[in-house]
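Here are my notes for your first look at this model. Have the viewer open as you read, and take the points in order.

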Amino acid sequence: MQMGLAMAVMNDPANGISIAIIGRIMFITSMLLFLSLDAHLVVLLVFKESFTYWPLDSTFPFSSIDYVLKMVSWMFATGLLVAVPAIVVMLLSNITFG
């Protein structure tokens, strides 16, 4: 790996750094898998749903401990919902290149 594909480096003029070509190919593959699994729609749905739990025009809606616990459980559940497609995409891209 050190003498072969790791030596192939592409100059990135937008960021001013050098990027390994294999890393760029893995990034493109992961992005295409992320979009093909419609994970971007899940992220937008969670973003839209967050405004129903905590509207912008209200103050801290911590009227009771029960509501706080519901908000915290929703936060962890949606965090897992957003993270699972990214984990699957990374797993599939690593399996593809393996």
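1. In which helix is Lys70 found? Lys70 is found in helix H3, which covers residues 65-97. Helices here are DSSP runs of H or I with at least four residues, strands are E runs of at least two, and both are numbered from the N terminus.

2. Before going further, a word on what you're looking at. This is a predicted model, where local features need pLDDT of at least 70 and side-chain atom pairs count only at pLDDT 80 or more, while totals for chains, interfaces and linings use all residues. Residues are numbered from 1 along each chain as its sequence is written, and side-chain values use heavy atoms, with hydrogens and water left out.

3. Now the confidence. pLDDT is the predictor's confidence in each residue, from 0 to 100. The chain averages 79, and 82% of the residues score at least 70. Confidence is highest in H2, at a mean of 86, and lowest in strand E1 (residues 9-12), at 66. Where pLDDT is low, the predicted coordinates should not be read in detail.

4. The overall layout is quick to learn. You'll find 3 helices and 2 strands, and going along the sequence they follow the pattern β-β-α-α-α. If you count contacts (heavy atoms within 4.5 Å) with a separation of 6 or more, 45% of them join residues 24 or more positions apart.

5. The chain's accessible surface comes to about 7,500 Å², and carbon and sulfur atoms account for 75% of that. These areas come from the Shrake-Rupley method with a 1.4 Å probe, and for residues only the protein chains shown count as cover. Of the 98 residues, 13% count as buried. Buried means under 20% relative accessible area, exposed means over 50%, and partly exposed is in between (1.4 Å probe, protein chains only).

6. Back to Lys70, which has a partner. Lys70 forms a salt bridge with Asp66, the closest N and O atoms being 3.9 Å apart. The cut-off for a salt bridge is a side-chain nitrogen of Lys or Arg within 4 Å of a carboxyl oxygen of Asp or Glu. The structure holds 1 salt bridge. Both residues lie in H3, 4 residues apart, which is about one turn of the helix. Asp66 is partly exposed at 45% relative accessible area, and Lys70 is partly exposed at 49%. Also worth a look is Tyr53: it sits 17 residues from Lys70 along the chain, with 9.4 Å between their C-alpha atoms.

7. Which two residues form the aromatic pair? A search of the whole structure finds 1 such pair. Phe47 and Phe51 make it, edge-to-face, at 5.1 Å centre to centre with 80° between the planes. The rule is that rings of Phe, Tyr and Trp (its six-membered ring) pair if their centres lie within 6.5 Å; planes under 30 degrees apart count as stacked, over 60 as edge-to-face and the rest as tilted. Both Phe residues are in H2 (residues 39-53), 4 residues apart, about one turn of the helix. Phe47 counts as exposed because its relative accessibility is 52%, whereas Phe51, at 35%, counts as partly exposed.

8. Helix H1 (residues 21-36) deserves a look from two angles. Phe27, Ile28, Met31, Leu32 and Leu35 form a nonpolar surface patch, with about 460 Å² of accessible area together. Patch members have over 30% relative accessible area and no salt bridge, with like charges joined within 9 Å and nonpolar side chains (Val, Leu, Ile, Met, Phe, Trp, Tyr) within 5 Å. Leu35 is partly exposed at 39% relative accessibility. Ser30, also in H1, is buried, with a relative accessible area of 17%. Leaving out residues up to four places away in sequence, Ser30 touches Val89 and Ser93.

9. Asp38, in the loop between H1 and H2, has a phi near 55°, a positive value in a residue other than glycine. Most residues other than glycine have a negative phi. Asp38 is partly exposed at 39% relative accessible area. Gly79, in H3, is partly exposed at 37%.
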